[in-house]
Amino acid sequence: LIALAILALGGPSAQSEESEKRPPPFAGDSEWMTSFPEAQLCQIAGGKPILILVWMDNDSRTERLEKNLQSWTAVQGALSAYCKVHLKVEEHRDFVDSLGVTRAPCLVLVASDPLRPVEERVIGILEELEESQGVLAFL
C-alpha cells in the first residue's frame with residue numbers, strides 16, 4: 001500500500017525519468033545560445049556568422065560531439081569566430097528542415113547577411129563530426 005502511494009505521488013519512477021533527461025549540449029557555457037533569434041541579435045551586434053548545433057535528446061552521437069568540441073583545442077579557437085546556438089531538433093523540426101538538415105547531430109553555418117532569409121544564408125551543413133580536422137576545415 002505504501003509503495004502504491006509513493007508511485008501515485010510521483011515517487012521513484014518519476015525521479016528515474018527525470019534523471020534520464022540530460023541537459024542540452026553546452027548548457028553551462030554562456031557563449032552557446034538557446035534560440036535562433038538570440039543568435040541573430042548576436043550576429044547583428046558583432047557581424048559574426050552563426051553556427052548552429054542541431055542536436056537530439058538522449059543521443060550518444062550528440063554527447064560525443066559535445067565532448068569532442070570541448071576537447072579539440074584548435075576547434076575551440078575557431079568556434080570563437082561564431083555566434084553559437086544549439087537547437088534541439090525535436091523542438092525546432094520545421095526550422096531545421098527549412099535549413100536543409102537531414103540528420104542530427106550536425107553543424108550548420110549561416111552567413112552574416114541578416115537582410116536575406118536564413119534559408120538563403122546557409123553556407124554549409126556538416127554531418128560527419130567524428131574527426132577534428134574535418135570540423136576545423138568546415139569552420
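In the predicted model, helix α3 is followed by G47, a residue whose phi is positive, near 70 degrees. The helix itself spans residues 36-46. Its buried residues are F36, A39 and Q43. Viewed down the axis of α3, these residues fall within an arc of 55 degrees, so they line one face of the helix. On the other side of α3, the exposed residues are P37, L41, I44 and A45. The cover over the buried residues of α3 includes strands β1 (32-33), β2, β3 (83-88) and β4, together with helix α6.

Q43, which lies in α3, has a relative accessible area of 2% and is therefore buried, the cut-off being under 20%. A polar atom of the Q43 side chain lies 2.9 Å from the backbone oxygen of A111. Once neighbours within four places in sequence are set aside, Q43 is in contact with K48, P49 and I50, with C83, with V110, A111, S112, D113 and P114, and with R121.

The structure holds one disulfide. This bond is formed by C42 and C83, whose sulfur atoms are 2.2 Å apart. C42 belongs to helix α3 and C83 to strand β3, so the pair ties together parts that are 41 residues apart in sequence. The torsion about the S-S bond of C42 and C83 is about -80 degrees, and the disulfide is therefore left-handed. C42 is partly exposed, with a relative accessible area of 25%, whereas C83 is buried, with a value of 0%. C83 is also among the residues in contact with Q43. Another cysteine, C106, likewise counts as buried, at 0% relative accessibility.

D59 is placed in the loop between β2 (50-55) and α4 (60-71). Although D59 is buried, it has no salt bridge. The nearest side chain of opposite charge belongs to R61 and is 5.6 Å away; a salt bridge would require a side-chain nitrogen of Lys or Arg within 4 Å of a carboxyl oxygen. Apart from its neighbours within four places in sequence, D59 is in contact with A104 and P105.

R103 lies in the loop between α6 (93-99) and β4 (106-110). With a relative accessible area of 34%, R103 is partly exposed, in contrast to the buried D59. Not counting residues up to four places away in sequence, R103 touches R61, E127 and E128. The R103 side chain reaches the backbone oxygen of E127 at 3.5 Å. The C-alpha atoms of R103 and E127 are separated by 7.2 Å, although the two residues are 24 residues apart along the chain.

Key: Residues are numbered from 1 along each chain as its sequence is written. This is a predicted model: local features need pLDDT of at least 70, side-chain atom pairs count only at pLDDT 80 or more; totals for chains, interfaces and linings use all residues. Side-chain values use heavy atoms; hydrogens and water are left out. Helices (H or I, at least four residues) and strands (E, at least two) are DSSP runs, numbered from the N terminus. Buried means under 20% relative accessible area, exposed over 50%, partly exposed in between (1.4 Å probe, protein chains only). A polar contact is a pair of N or O atoms within 3.5 Å; within protein, one must be able to donate a hydrogen and the other to accept it, and residues adjacent in sequence count only if both atoms are side-chain atoms. Contact means heavy atoms within 4.5 Å. Lys and Arg count as positive and Asp and Glu as negative; His and the chain ends are not counted. The arc is that of the directions from the helix axis to the C-beta atoms. A disulfide is a pair of cysteine sulfur atoms within 2.5 Å.
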